[in-house]
Amino acid sequence: MKNVLLLLSFYTFAFLGRAQDMYYFVPFQNKIGTPFEIENPLHFLSQKAIEKRQKENISITEQDLPVNPAYTNQIKAKGATILYTSKWFNGVVILCSESSLNQIKDLTFVKANEIRMIKNRVDVESERRKKEKRSLKNHQKHKKTHFKEQISKYEYGSSYTQNQMIGA
């Protein structure tokens, strides 16, 4: 019984802790130390992308280099979940608690004063549910409209007008 209570309290604490998590964009200072090199674009760009750049006379710059994997590993080590990386904005979108964020702000490669909260987890889940509801309503509305369009005066024959008048 004691083990069950302990396990239940752990899950409750874990759930409440995750409910406080927020989404943040964390920009990095630079791309120093990245294992990628502009001279070897095949390590981070597809052949098709390279050919397209050559065709359009677009040079490959430091901005095209991926986010430094050492930076992302250190962010993960602070307890954050990395959702997206952006090589052009040189940063990551993360989901983490406020205490993890405070640890991340202390990392030397992070532009701490430019970290932006995107949304909290509850808002994101709420928006997702709203979109699903709207989608379901639109589907049901389309289904009703489509059904009405299929019913024609030929299916009702001479009683079509009378049925339409009484809303049948």
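Reader: Which residues are buried in helix α4?
Author: Happy to start there, with the reminder that this is a predicted model. The helix α4 covers residues 98–105. Its buried residues are S100, L101 and I104.

Reader: Within what arc do the buried residues of α4 fall, seen down its axis?
Author: Look along the axis of α4 and follow the directions of its buried residues. They line one face of the helix, because they fall within an arc of 100°.

Reader: What covers the buried residues of α4?
Author: Several elements take part in this cover, among them the helix α3, at residues 69–77. Strands contribute too, and β3 spans 91–96.
Author: I104 is one of the buried residues of α4. It is also among the residues with the most contacts inside the largest nonpolar core. Beyond its sequence neighbours, I104 is in contact with V26, I75, K78, A80, I94, C96 and V110.

Reader: How many residues does the largest nonpolar core have?
Author: Those with the most contacts inside this core are V26, F28, I75, I94, I104 and V110. The elements β1, α3, β3 and α4 each supply at least two of its residues. In total, the largest nonpolar core has 16 residues.

Reader: Which element gives the most to this core?
Author: Four elements, β1, α3, β3 and α4, each supply at least two residues. One of them gives three residues, the most of any, and that is β3.

Reader: How many aromatic pairs does a search of the whole structure find, and how far apart in sequence are the parts tied together by F28 and Y71?
Author: The search finds four aromatic pairs. F28 and Y71 form one that is edge-to-face, with 5.3 Å centre to centre and 70° between the planes. F28 lies in the loop between β1 and α2 and Y71 in helix α3, so the pair ties together parts whose separation in sequence is 43 residues.

Reader: Is F28 buried or exposed?
Author: The cut-off for buried is under 20% relative accessible area. F28 has a relative accessible area of 2%, so it is buried.

Reader: Which residue forms a salt bridge with R53?
Author: The count of salt bridges comes to one. Its closest N and O atoms are 2.7 Å apart, and both of its residues are buried. The partner of R53 is D64.

Reader: How far apart in sequence are the parts tied together by R53 and D64?
Author: R53 lies in helix α2, while D64 lies in the loop between α2 and α3. The pair therefore ties together parts whose separation in sequence is eleven residues.

Reader: Where does L45 lie, and which residues is it in contact with, leaving aside its neighbours within four places in sequence?
Author: L45 lies in the loop between β1 (22–27) and α2 (47–55). With a relative accessible area of 11%, L45 is buried. Leaving aside those neighbours, its contacts are I50, R53, I60 and K87.

Reader: How far apart in space are L45 and I60, C-alpha to C-alpha?
Author: In sequence, L45 and I60 are 15 residues apart. The two residues are also in contact. From C-alpha to C-alpha, their separation in space is 9.8 Å.

Terms used. Residues numbered from 1 in each chain as written. Predicted model: local features only at pLDDT ≥ 70, side-chain atom pairs only at ≥ 80, totals over all residues. Heavy atoms only, no water. Buried < 20%, exposed > 50% of the residue type's maximum accessible area, 1.4 Å probe, protein only. Contact = heavy atoms within 4.5 Å. Arc of directions from axis to C-beta. Salt bridge = Lys/Arg side-chain N within 4 Å of Asp/Glu carboxyl O. Phe/Tyr/Trp six-rings, centres within 6.5 Å; stacked < 30°, edge-to-face > 60°. Core = buried A, V, L, I, M, F, W, Y, C linked by side-chain atoms within 4.5 Å.
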